[in-house]
Amino acid sequence: MEYFAQQVFNGVTLGSIYALIALGYTMVYGIIGMINFAHGDIFMIGAFIAMIVFLILVSLFYSVPAAVALVVMAIVAMLLTALWSWMIERIAYRPLRGSFRLAPLITAIGVSIMLSNFVQVVQGPRNKPVPPMISQTFEFYGVVVTLKQIVILAVTSVLLGIFWFLVNKTSLGRAQRACEQDPRMAAMLGIDVNRTISLTFILGAALAAVAGTMFVMYYGVISFSSGFIPGVKAFTAAVLGGIGSIQGAVLGGLLIGLIEALWSAYFTVDYKDVAAFSILVFVLIFLPSGLLGKADVEKV
Amino acid sequence: MRKRLVPIMAAAVFAVLGTSAHAEILIGVGAPITGPNAAFGAQILRGAQQAADDINAGGGVNGEQLKIVVGDDVSDPKQGISVANKFVADGVKFVVGHYNSGVSIPVSEVLAENGVLEISPASTNPRYTERGLWNTFRMCGRDDQQGIVAGAYLTKNFKDAKIAVVHDKTPYGQGVADETKKALNGAGVHEVMYEGINPGDVDFSVLIAKMKDAGVTVVYYGGLHTEAGLILRQLADQGLKATVMSDDGTVSTEISSIAGDAIDGFIFTFPPDPRNREAAKGAVDTFRKAGFEPEAYTLYAYASVQVIADAAKAANSTDPATVAEQIKKHGTFHTVLGDRSFNEKGDTTNPDYVVYRWKKGADGKFMYSQI
C-alpha cells in the first residue's frame, strides 16, 4: 500500500509538470486552432533562464534562501519567457494567420528547431548541472516525500487556481473565450482579437516558464534538448484530456504522469512510453475528442 | 576535335587533383563533437590531432603528412552514416572513431564497403568486431571483458546483497549490463531487478521507489554519465543508500557536477589510468603544457593514430586493406597506452579493466582513484 501511494505521489509530481506545459498547448489550440510545436522549447528556454538567474543569484549573494531564489527565478523566467513567446507569435505566427492550415504548423516546427539550435550554440551542447537547492525529505506512513515534490505540487495548484480565476472571472478570460467561440463576431463586438491571442501566448509561456523553473529545481540538469520529451508528453496530455479544454489539459497531464509511474511500478520500466501512448490511442479510438473535449460542431 | 579534347582535359585535371591529394594521408575523426557526449568527442579529437602533429613533426608516414578531417556524429547513428559518406567522398582512408558503439557498428559497414579502415578508441560493444568485417579495430577493451571484472567485483564484495541491474537500452549500455549480469549469474548471484530506461530520461523517482520496495542495496548501471549522475542524485533525494557501480561510459568529471555530493562512493570500471604509464609521459606533458588534461579517451585516440601510422610504415603502404592486414600480423605496437597487439578480429589482446571509486579529496573536491 505504501508502495502504491509512493508511486502515485511520484506520478502526480511528474504529471503536474506535464500539466503546466500542456495548458500552453491547449489554450493556443483553443483560440486559433493551431498546434504550437515550439511550446516544448519555450519550456526549455524558461528552464535555462531560471538556471541563469539562479547562478547569478548565487554568485552575487553567495547563499540565498531557497524560497527567495525560487520566487525570483520563477518571476524572471516568466517575464523573459513571455517576452520570447510574444516575439515569436508576433514575428512567426501572426503574419501567417488566415493562410492555409498547415502553414502555422510548419512554422511552429521551424521555430522549435530554431530555438533549440540557438540555445545549443549560445549555451553549448553540454548538460548544465545546477547544484541541489532543497534537499529535505519527509516521511508520512512510509511514503517518502521530498520538499521539492511538495513545492512542485503547491506551486502547480496555486497557479492552476489563479489561472482558472483568470479565464473564468476576468474580462481578459471572457475575451479569450469569446475569441475561441467566434473570432469574427468577437472582433465586431469590440474585442481586440490580436491582442487577446498575444496574451494567450504570453500566459502559456509564463506557465511553461514556471514548469521550467520546477524542472531545474527538481532534476538539476538542463540541456538544449531538454524541451523535446516533456514537450511531446505534454502535447499528448493535452490531446488525451481533449485539446482545447483547460480542465482536460490538467487531467491529461496528471493521467500521463500516473500511467508512466504505475506502469513502471508494476510492470517493466522499458515499456512505460509504449504503455502511455497505447492508452492514448485507445482513448482516441473511443473518444476522438479526448476525455473532456467538446465534439467539433461544424458551424453553418 | 574540340569534343575529343574535353575528356582528355578533364582526365588531366583529375590526375593533377589526384596526385595533390596523395601528398597527405587523410585521417577522419568521427566523434560526438556536439550533443550530450561532446566531452568525449573533444577528448578523441584532441588526442588524434596531437598524435598527427607529433607524427608529422617526426617526418610523417612514408614521406606523407597526416591530416585530420573532423566529422560530428552527435552520438546519432544516422549522423554517423552521413559523416562516413562524407569521409568516403573526401578521400579519407582511415577513420579514428566513433565513440558510441551504436554509431560505430552501422558506420563500419559503410566504411568497409568503401575500403576505409576504422579504429575506435572507445566502442566496447562486442558486436563491433564480431561481424567478420576486415576493417574494424579498437584500442579499448570489450564489454564482455568489462562485465567480467564488474561481475567479479560485485560477487566478491556484495555476494549477499540485493542487486539491481539497470541499462539505457543502447547497444553499449545494455551490452555491458548484460555481460555483468552474465558474470554475476555465472557466480551464482542473481539480481532482483533488471530494467531498461531511455537515454534522455530525467525522472527516475519511480524506478528508485521500485528499488526501495525490492530492498535493493547495490545498483549496477550500464550507460553513460548523464543518466548515471541523475540516478545517483535521485537515490540520495529519495534516501536510498545504495552502492552504485557503472562502466567506462561514466568517466567524466561532469558526472560529479550533476550528482553533487551523491557521487561519494560511486564505483566504475575503467582501464588503469593511461596517464600514469611510462610510455605516455611525453604526450601527457605536451597536452598539459597546452592546457588540456588528457582525460579518459584522449590517449586512446592518440594511440589509434599511432597504430595506423606504425602499420602503414611497416607495410610501406597507405592502402587501408594492406594496413589492416599489417595491424593483425604486426605483433607489438609501442603506443602511449603501452605495448599493444591485435588479434584476427581486430580486438586488442591486452585490455585490462580495474575498479575506481569516487571519494572526497583533502581539498574537499570529489575525484576518482583506483582501488
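Student: Before looking at any detail, how should I read the confidence, and where in chain A is it lowest and highest?

Tutor: Where pLDDT is low, the predicted coordinates should not be read in detail. In this predicted model, chain A has a mean pLDDT of 89, with 98% of its residues at 70 or more. Within chain A, strand 2 (residues 137-140) has the lowest confidence, at a mean of 84, while helix 3 (residues 66-93) has the highest, at 94.

Student: How many residues does each chain give to the contact, and what area do chain B and chain A bury between them?

Tutor: One can begin with the residue counts and then turn to the area. Chain A gives 33 residues to the contact and chain B gives 31; together the two chains bury about 2,700 Å², of which 52% lies on carbon and sulfur atoms. On the side of chain B, the three residues B:Val206, B:Arg233 and B:Asp237 supply 22% of the area that this chain buries against chain A, more than any other three residues.

Student: Which polar links does the rule find across the interface of chain B and chain A?

Tutor: A salt bridge is read from the distance between a side-chain nitrogen of Lys or Arg and a carboxyl oxygen of Asp or Glu, which must lie within 4 Å. Two salt bridges are found across this interface, and in the one between B:Asp201 and A:Lys272 the closest N and O atoms are 2.8 Å apart. The interface also holds 15 residue pairs in polar contact, with both residues at pLDDT 80 or more.

Student: Which elements of chain B give two or more residues to the side that touches chain A?

Tutor: They are helix 2 (38-57), strand 7 (193-196), helix 8 (205-213), helix 9 (225-237) and helix 10 (254-259) of chain B. Helix 8 of chain B gives the most, with seven residues, and the residues on this side of chain B divide into 10 nonpolar, 11 polar and 10 charged.

Student: Turning to the strands, how does strand 13 of chain B pair with strand 10 and strand 14 of that chain?

Tutor: In a regular strand the side chains alternate between the two faces of the sheet. In chain B, strand 13 (residues 354-360) pairs with strand 10 (residues 267-270) in the antiparallel sense over four bridges, with B:Ile267 opposite B:Arg357. Strand 13 of chain B also runs antiparallel to strand 14 (residues 366-370) of chain B, joined by five bridges, and B:Trp358 has B:Tyr368 as its bridge partner in strand 14.

Student: Which residue takes a positive phi in the hairpin of strand 13 and strand 14 of chain B?

Tutor: That residue is B:Gly364, whose phi is near 85°, in a hairpin with five residues between the strands.

Definitions and conventions. Residues are numbered from 1 along each chain as its sequence is written. Chains are lettered from A and ligands numbered from 1 in the order in which they are written. Side-chain values use heavy atoms; hydrogens and water are left out. Contact means heavy atoms within 4.5 Å. Buried area is the accessible area (1.4 Å probe) that two parts lose on being put together, summed over both. A polar contact is a pair of N or O atoms within 3.5 Å; within protein, one must be able to donate a hydrogen and the other to accept it, and residues adjacent in sequence count only if both atoms are side-chain atoms. Ala, Val, Leu, Ile, Met, Phe, Trp, Tyr, Cys and Pro count as nonpolar, Asp, Glu, Lys and Arg as charged, and the others, Gly among them, as polar. pLDDT is the predictor's confidence in each residue, from 0 to 100. Two strands pair if DSSP finds at least two bridges between them.
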